[in-house]
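Welcome! Let us walk through this structure together, starting with the whole chain and then moving to a few of its details.

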Amino acid sequence: VLKTEENLSGQYEMFENDAMHSVEDSSDDGSDVEEVDMTNRNAVQSSPDEEDDSQVSSEGTEDGDQSEEVDEETAAFNAKLAQALNAGESTDEDMDDEQMEALDGPIASMFKARKKLVSKKQQRMEAKETIVNFKCRVLELLETFVKQRHKDLLALDLVLPLLTVIRTTTSRLVSARACKVMKDFSKRCKGRNAPHIEEQQGAAIIELLKEVHLEVMRESSNAHISACNQASLLLAKILVGNDKKTVKAVAEIYAHTESSMSDPQGRIKKLFFVDWLNWAKSVEAIV
């Protein structure tokens, strides 16, 4: 759900296909159709208004692109209308009834095409709003899950999807909610409240840590880098908390990331490595 594109194709993928499958399966179990209805109902519910300043640039760019697109289309429409009216060469007073009637057809066609264009834009806006609202609802449920089940190892499966949606979403609201879930998860997993792993599970957590480090190297916002930092430290604390010997493996992953990334502005170094170095020093003092 969180990976769904926030546009018309994403809306079709999420709702239309599911609805078709539910109708096909309704002969065996009518409950699926009811479930789709409830999903669509949830999708249009509004979510509380939150903002994430780190996403302003990405959403601002999108809004700017849409504004430019509207301006260009409006200018093109006005140009066609002016051409049809032969603007600048004649006025209503110069035109007889036959000339004015001759313009009715072309002008009506242009306004009809304009109406269709505006309708299409409205559909795109409504589709994005639907997907954004649905994602916010899912993130609210994940927030509740993290509060109640943060000690469960299953909760770690949320890490990568949360980081991905923070990086890819065009909505500040979705990004802010996903960041909040990741932050709450990290804060709650302290000491004995962190997930407990068996020795054989350590390798899987290390692989997950590597995935988080690959994620932080992708071009993104400060909010995404900060969330990756929280996720990385969370996994590091879980590993070292269960086996202090793993601190060496974690340090090697951080060193490899620092040496292989391109960070000319130093954003990642400031937001990602400083906290790690401070925490690593405290661990070394204990070990």
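Predicted model: local features only at pLDDT ≥ 70, side-chain atom pairs only at ≥ 80, totals over all residues.

In total, the protein chain has ten helices and zero strands.

How much of the chain is buried? Of its 287 residues, 37% count as buried. The protein chain exposes about 17400 Å², and carbon and sulfur atoms supply 50% of that area. Among contacts with a separation of 6 or more, 78% join residues 24 or more positions apart.

Now let us look at a pair of helices. Two packed helices are described by the angle between their axes and the distance between the axes. Helix α5, residues 159-168, packs with helix α7, residues 202-216, at an angle of about 5°, and their axes are 10 Å apart. Angles under 35 degrees count as roughly parallel, so α5 is roughly parallel to α7. On the α5 side, the contact is made by Val-159, Leu-160, Leu-163, Thr-164 and Arg-167, while α7 brings Leu-208, Glu-211, Val-212 and Glu-215. These contact residues divide into five nonpolar, one polar and three charged.

Ser-232 sits in helix α8, residues 222-242. Is Ser-232 buried or exposed? Its relative accessible area is 0%, so Ser-232 is buried.

Note on methods: Residues numbered from 1 in each chain as written. Heavy atoms only, no water. Axes fitted to C-alpha atoms, helices over the stretch in contact; angles between N-to-C directions. Helix = DSSP H or I, 4+ residues; strand = E, 2+ residues; numbered from the N terminus. Parallel < 35°, antiparallel > 145°, perpendicular 65-115°, else oblique. Contact = heavy atoms within 4.5 Å. Nonpolar A, V, L, I, M, F, W, Y, C, P; charged D, E, K, R; others polar. Buried < 20%, exposed > 50% of the residue type's maximum accessible area, 1.4 Å probe, protein only. Areas by Shrake-Rupley, 256 points an atom, 1.4 Å probe, with all protein chains shown as cover.
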